[in-house]
Amino acid sequence: MPIHLHDLDVVSQAAGVSSALIVPCNLCPAVTVAVNQKQPFMKLFRSLLKSAPFEQYIKDLQSRLGEKGVKTKVFRSPIYHQWFLCMWTGGRRKKLEKHAKQHDAVIVLGCDTANETVRDAVEPTGARVIEGMQVAGLMNAKLSLQLPANISFKDCRIIPISQEA
Ligand code: SF4
């Protein structure tokens, strides 16, 4: 089951930044946003590769940052095997490093391991890493397929992550 995430205040953290690259993980954050908004995670006939609520979330974030003078681009990971930042290939990490060189900061939308992937990849560039989300717990939900082709998560509960003694 995916991880459930809370938003962090990205706009405040980006104070003093003039350009930022947003790096979204396309699984847990997208499921989180869909669940929070009570929207389908995906509409298969409309888009096989994008979650509409998460796309809107990213656009809203770009617009809020734009109002503060922060120019943004999104580092897209459209292919399924690129969705999970925790399992990116070496090639994908190199590509992020190349793109991050053109920005003051990189904004990660994902969990701690997503932050780690990005921090490692952009370390040589000196770009500041801004954590856009924080882990709230594990998600327990009922996967629901609705005709014609909506994928949703229902009756979602957040299960705390056990701490090691
Ligand atoms: S990097 Fe984190 S947020 Fe992304 S798929 Fe892996 S566990 Fe989920």
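In this predicted model, strand 7 (residues 133-146) pairs with strand 8 in the antiparallel sense, and eight bridges connect the two. Together, strand 7 and strand 8 form a hairpin, with three residues between them. Within this pairing, glutamine 146 stands opposite asparagine 150 of strand 8.

Strand 8 (residues 150-159) has a further partner. Strand 3 pairs with strand 8 over two bridges, again in the antiparallel sense. In that pairing, methionine 42 has isoleucine 151 of strand 8 as its bridge partner.

Strand 8 also contains aspartate 155. The phi angle of aspartate 155 is near 50 degrees, a positive value in a residue other than glycine. With a relative accessibility of 53%, aspartate 155 counts as exposed. A positive phi is also found at lysine 38, where the angle is near 55 degrees, and this residue too is one other than glycine. Lysine 38 is located in the loop that lies between helix 2 and strand 3 (42-43). Lysine 38 has a relative accessibility of 75% and therefore counts as exposed.

A separate description applies to the open sheet, which consists of four strands in the order 4-2-5-6 with parallel pairing. Its edge strands, each pairing on one side only, are strand 4 (71-74) and strand 6 (128-131). On average, and with direction ignored, neighbouring strands of this sheet are turned by 25 degrees against each other. Strand 5 (residues 105-109) and strand 6 run parallel and are joined by four bridges. Here alanine 105 stands opposite arginine 128 of strand 6.

The residues around the ligand are Ile3, Cys25, Leu27, Cys28, Pro29, Phe84, Leu85, Cys86, Cys111, Thr113 and Ala114. Sorted by class, this shell has ten nonpolar residues and one polar residue, while charged residues are absent.

How many disulfides does a search of the whole structure find? The search finds zero. A disulfide requires a pair of cysteine sulfur atoms within 2.5 Å. For cysteine 156, the closest cysteine sulfur is that of cysteine 28, and because the two sulfurs are 12 Å apart, they are too far from each other for a bond. The surroundings of these two residues can be described as well. Cysteine 28 is buried, its relative accessible area being 15%, whereas cysteine 156 is partly exposed, with a value of 27%.

Key:
Residues are numbered from 1 along each chain as its sequence is written. This is a predicted model: local features need pLDDT of at least 70, side-chain atom pairs count only at pLDDT 80 or more; totals for chains, interfaces and linings use all residues. Side-chain values use heavy atoms; hydrogens and water are left out. Buried means under 20% relative accessible area, exposed over 50%, partly exposed in between (1.4 Å probe, protein chains only). Two strands pair if DSSP finds at least two bridges between them. Axes are lines fitted to C-alpha atoms, for helices over the stretch in contact, and angles run from 0 to 180 degrees between N-to-C directions. A residue is near a molecule or strand if one of its heavy atoms lies within 4 Å of it. Ala, Val, Leu, Ile, Met, Phe, Trp, Tyr, Cys and Pro count as nonpolar, Asp, Glu, Lys and Arg as charged, and the others, Gly among them, as polar.
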